[in-house]
Amino acid sequence: MSVTEQLRDVPEPDSGDPDTRSPMLVGLLDGTVLPASTPLIRPDDAGIARGDGIFESTLVVDGQVRDLPQHLARLARSARMTDLVLPEADAWTPAVDALVAAWTGGGEMVIRLVVTRGPEQGGPTCYVTAAELPASSARQRTSGVRVLLLDRGISGSAVATSPWLLAGAKTLSYAVNMAALRYAAANDADDVIFVGSDGAVLEGPTSTVVIAKDRTLLTPPLEGVLDGITVVRLIRAAQTAGWATAYRRMTPDDLAAADGVWLASSARLLAPVRSIDAVERTDGGLTRELLTLLEAP
């Protein structure tokens with residue numbers, strides 16, 4: 001059952017025109033743009049009842065969507081891992097284009113492609129949202145973040161050999177990730193880096209870890225972590241600029257000894273880590289160079 005079909009019997013919003021000043025807009029795959037206040041998800045949708053679904057988020061800068069083909073490819077990979085049937089990649093284009101055209105907010109917005117498993121007697125629910133990039137996300141590109149190291153309770157290699165744990169899939173089941181961020185906020189920090197039971201650095205709740213050491217960019221191997229699209233873009237640009245790069249196992253000691261540590265994500269792009277477990281550190285003066293490689297706003 002499509003979202004459009006689900007909305008047939010829903011009363012119309014007070015105004016027929018979406019309020020483009022709203023902090024969020026919703027796009028249906030047929031290109032219809034709706035205000036965020038429009039009822040959209042059925043109460044029995046598995047995405048609500050069980051967090052059963054997948055998503056992708058990326059940044060739009062002055063009307064230009066960053067890395068959309070790569071996000072669609074990763075969405076398809078997550079769908080295969082969760083046994084979800086997706087529409088073709090180009091079916092998302094009308095929704096994305098309509099949201100970009102309707103947007104009258106700031107120069108940076110975040111679009112999110114969402115797929116839930118839908119109600120038990122129906123098919124997946126697919127839609128796209130657009131919202132302004134939080135000011136804190138843009139600010140952290142230069143001001144940085146204070147992070148805590150938290151035990152994830154299982155190693156990356158163990159997760160990678162347990163497909164039911166959905167390592168590498170970007171699912172709607174983000175309760176643990178959000179709890180980690182709340183724990184950080186309650187303990188005078190901004191973000192978290194997860195460490196496996198074997199002592200290896202893994203990833204952040206919503207980001208990929210990158211470190212620099214002697215003009216080499218390093219990021220953890222893809223065992224039990226999400227393949228970061230922003231990191232791939234950064235690695236390619238850094239290689240062109242003469243950096244060495246590698247996927248390599250690293251420990252908290254490697255973070256402490258690095259010239260710089262960053263959290264990379266599709267919306268925030270790159271945030272320098274200013275402290276780890278309350279121990280202050282610098283970015284080696286490299287953040288501006290790496291943000292330039294990422295063509296950050």
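Leaving aside neighbours within four places in sequence, which residues is Arg112 in contact with? They are Phe55, Glu56, Ser57, Tyr127, Val128 and Thr129, where contact means heavy atoms within 4.5 Å. The model is predicted: local features need pLDDT of at least 70 and side-chain atom pairs count only at pLDDT 80 or more, whereas totals for chains, interfaces and linings use all residues. Residues are numbered from 1 along each chain as its sequence is written, and side-chain values use heavy atoms, with hydrogens and water left out.

**Overall architecture**

- The chain holds ten helices and 14 strands; helices (H or I, at least four residues) and strands (E, at least two) are DSSP runs numbered from the N terminus.
- Along its principal axes, the C-alpha trace spans about 60 × 40 × 40 Å.
- Of the 297 residues, 49% count as buried; buried means under 20% relative accessible area, exposed over 50%, and partly exposed in between, with a 1.4 Å probe and protein chains only.
- The chain exposes about 14000 Å², of which carbon and sulfur atoms supply 52%; accessible areas come from the Shrake-Rupley method with a 1.4 Å probe, and for residues only the protein chains shown count as cover.
- Among contacts between residues at least 6 apart in sequence, 70% join residues at least 24 apart.

**Helix H3**

- Helix H3 (residues 68-82) has 15 residues and reaches 21 Å from its first C-alpha to its last, close to the 21 Å expected at 1.5 Å a residue; the expected span is 1.5 Å times one less than the number of residues.
- Its buried residues are Leu68, His71, Leu72, Arg74, Leu75, Ser78, Ala79 and Thr82.
- Seen down the axis of H3, these buried residues fall within an arc of 165°, so they line one face of the helix; the arc is that of the directions from the helix axis to the C-beta atoms.
- An α-helix has 3.6 residues a turn, so residues three or four places apart point the same way.
- Pro69 and Arg80 are exposed on the face of H3 turned away from its buried side.
- Cover for the buried residues of H3 includes strand E3 (53-61), strand E4 (64-65), helix H4 (93-102), strand E5 (108-116) and helix H8 (229-240).
- Just after H3, Asp83 takes a positive phi of about 55°.

**Helix H5 and Arg141**

- Ser137, Gln140 and Arg141 are buried in H5.
- These residues cover an arc of only 110° around the axis, which puts them on the same side of H5.
- Ala135 and Thr142 are exposed on the other side of H5.
- The buried residues of H5 have cover that includes E3, E5, strand E7 (145-151), strand E13 (269-276) and helix H10 (287-293).
- Arg141 belongs to helix H5 (residues 135-143) and is buried, with a relative accessible area of 3%.
- After H5 comes Gly144, whose phi is positive, near 85°.

**Strand E5 and Arg112**

- Arg112 is found in strand E5 and is partly exposed, with a relative accessible area of 37%.
- The side chains of Arg112 and Ser57 are joined by a polar contact of 3.1 Å; such a contact is a pair of N or O atoms within 3.5 Å, and within protein one must be able to donate a hydrogen and the other to accept it, while residues adjacent in sequence count only if both atoms are side-chain atoms.
- Arg112 and Phe55 are 57 residues apart along the chain, and their C-alpha atoms are separated by 6.8 Å.

**Positive phi in loops**

- Leu166 lies in the loop between helix H6 (156-160) and helix H7 (175-186).
- Although Leu166 is not a glycine, its phi is positive, at about 60°; at 26% relative accessibility, Leu166 counts as partly exposed.
- Arg215 is placed in the loop between strand E9 (208-213) and strand E10 (216-219).
- Arg215, also not a glycine, has a positive phi of about 60°, and at 42% relative accessibility it counts as partly exposed.
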